[in-house]
Amino acid sequence: MEMNIDRPDILLIVLDQLAWKALSCYGGEGKTPNIDGLVENGVAMDACYCPFPLCQPSRAAFWTGMESHRNRVWSNGRSWPIERIDESFPTLGETFRNAGYETMHFGKMHDGGALRGFTCSEEKETAIPDWNPAFPFNMDTYADVYTVDRAKEYFSSCSFDSPHLTVLDLINPHNICGWIGKNKGVHENAEGTGELPELPANFDFDDIANRPLPVQYLCCSHVRQSQTVGWTRDNFRAYLAAYYYYLSVADRHIGEVLDVLRDRGKLDDTLIVFFSDHGDNMTSRGSVTKQVTLYEEVTRVPLVFSGKGVVPRKEPVKGLCSLLDIFPTLCSIAGIDAPAGLDGIDISAAIDKGVLPPRRYVTSEWFTEWGYTISPGRMLRTDRYKYICYLEMNGEELYDLELDPGETRNLAGESEYADVLAECRKLLREHVFESSDPFFTLQVKVDPRWRCHDKGYANHRGCAAPEYKGE
Ligand code: ZN
């Protein structure tokens, strides 16, 4: 019992593919009463970045607290299979289990072995009928239904004798990927789509000739982007409607689990941390889901601390942070010595004092999704600017996020930004050197066929690299 005083119960709620800007606390249009309730009773971080905007690498990074180039989980698999992470690497689950926590995980794993130390519920599916034929469910939602049932069972019956670290790892709004497959190419919006959200200001994209090759030919490496060829503006608006719909499904699932904790009288005793593994393009620059790019929509994610020990704040806490900070921060809150060598920092001051420790920058990385094209890239975000560098033809991007939050104009070639560019390059080189990042020695792998059509995603024809089966 006394142990619980020092060591709070902790519930991590993870969504898959939720961009920060979809949530109302960040100005978005998501209908998420349960997530909004967590925010009202907590603090949201304004500018949190994922270490790698892809499921498995991001997850392996935040569960180990190590950047992707260090833990070597660089892809989702297939043509670039990932071995399980080195047994010597620390993991959040093992650190908390060794400190006396009961460590349970429910839902999506896709972790490269980084969930070591958690007792993981099986990944299974419970099929349910569609609630709205315009937004069909697939395996992603079915998996969440199964996960939520297991988590509810657990919280209904578990003893709270020892402190708990529990993960509710939901896949939605990722069901949006399957929605594209059902709506690929030229099509009419389905009946029942309802009122369509407006497209964002950065939907129209006239700067494509000024972007690095991996961005110009995003459609050639990304199956989902290639499936949007032929879409109208209203089709893209329906994409947003579907995205918000699958987010609302996740929100309802979160509410079901919180209700069980409330019924057990444990909700107020629990520190809840809400975040997602990476974002979604949400039609910005005419793009969907995530792949290759390192723009705000895909790298910037919600991070909310709520409940036990949190002093609620109305506005998101300004400053930079990373999902890599979760591991050392939870150690700090629970009074556990963090393993040596973690890449994130303790941001627990944001929870009670509403301030983030100053830092010069945060980073994110890209390597490959499935290994059929390999486009190593690095992002460095400072207080005001974002710098992105791809190895392929030394493609660089620079954005002034104060003047151009939608990243609509690449400034890397503009002479009046030469000093800013030089400073960003220097910071990235320093970071690469200090963190023993092999970035500048990595090899690009792109067949010329994936760099050949007229620029513009709408000009893409045929399959994308992961689907290519030969002539
Ligand atoms: Zn293409």
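**A walk from an exposed loop to a zinc site**

Let's start with Gly309, which sits in the loop joining strand 8 (303-307) to strand 9 (317-322); helices (H or I, at least four residues) and strands (E, at least two) are DSSP runs, numbered from the N terminus. This is a predicted model, in which local features need pLDDT of at least 70 and side-chain atom pairs count only at pLDDT 80 or more, while totals for chains, interfaces and linings use all residues. Residues are numbered from 1 along each chain as its sequence is written, and side-chain values use heavy atoms, with hydrogens and water left out.

Gly309 counts as exposed because its relative accessibility is 57%; exposed means over 50% relative accessible area, buried under 20%, and partly exposed in between (1.4 Å probe, protein chains only). Leaving aside residues up to four places away in sequence, Gly309 touches Ile351 and Asp352, where contact means heavy atoms within 4.5 Å.

Now turn to helix 3 (residues 55-64). Here 10 of the 10 residues are buried, so the helix is largely enclosed by the rest of the structure. Among the buried residues are Arg59, Phe62 and Trp63. Their cover includes strand 1 (9-15), helix 4 (68-71), helix 5 (92-98), strand 5 (164-169), strand 6 (270-276) and helix 13 (326-334). Just after helix 3, Gly65 has a positive phi of about 70°.

Next comes a pair of helices. Helix 7 (residues 175-182) packs against helix 11 (residues 233-263) at an angle of about 145°, and their axes are 9 Å apart. Axes are lines fitted to C-alpha atoms, for helices over the stretch in contact, and angles run from 0 to 180 degrees between N-to-C directions. From helix 7, Asn175, Ile176, Trp179 and Ile180 meet a set in helix 11 that includes Tyr239, Tyr243 and Tyr246.

Finally, look at the zinc ion. Which atoms coordinate the zinc ion? They are Cys219 (SG), Cys220 (SG), His453 (NE2) and His460 (ND1), at 2.1 to 2.4 Å. Donors are N, O and S atoms within 2.8 Å of the metal (3.2 Å for Na, K and Ca), and water is not among the atoms, so sites may look incomplete. The 4 donor atoms subtend angles of 96 to 132°, so the arrangement is tetrahedral; four donors count as tetrahedral if all angles lie between 85 and 135 degrees. Cys220 belongs to helix 9 (residues 218-221) and His453 to the segment after helix 15 (418-434), so this pair ties together parts 233 residues apart in sequence. Cys220 and His453 are both buried.

Definitions and conventions:
Four donors count as tetrahedral if all angles lie between 85 and 135 degrees; four count as square planar and six as octahedral if opposite donors are over 155 degrees apart and all others between 65 and 115; anything else is irregular.
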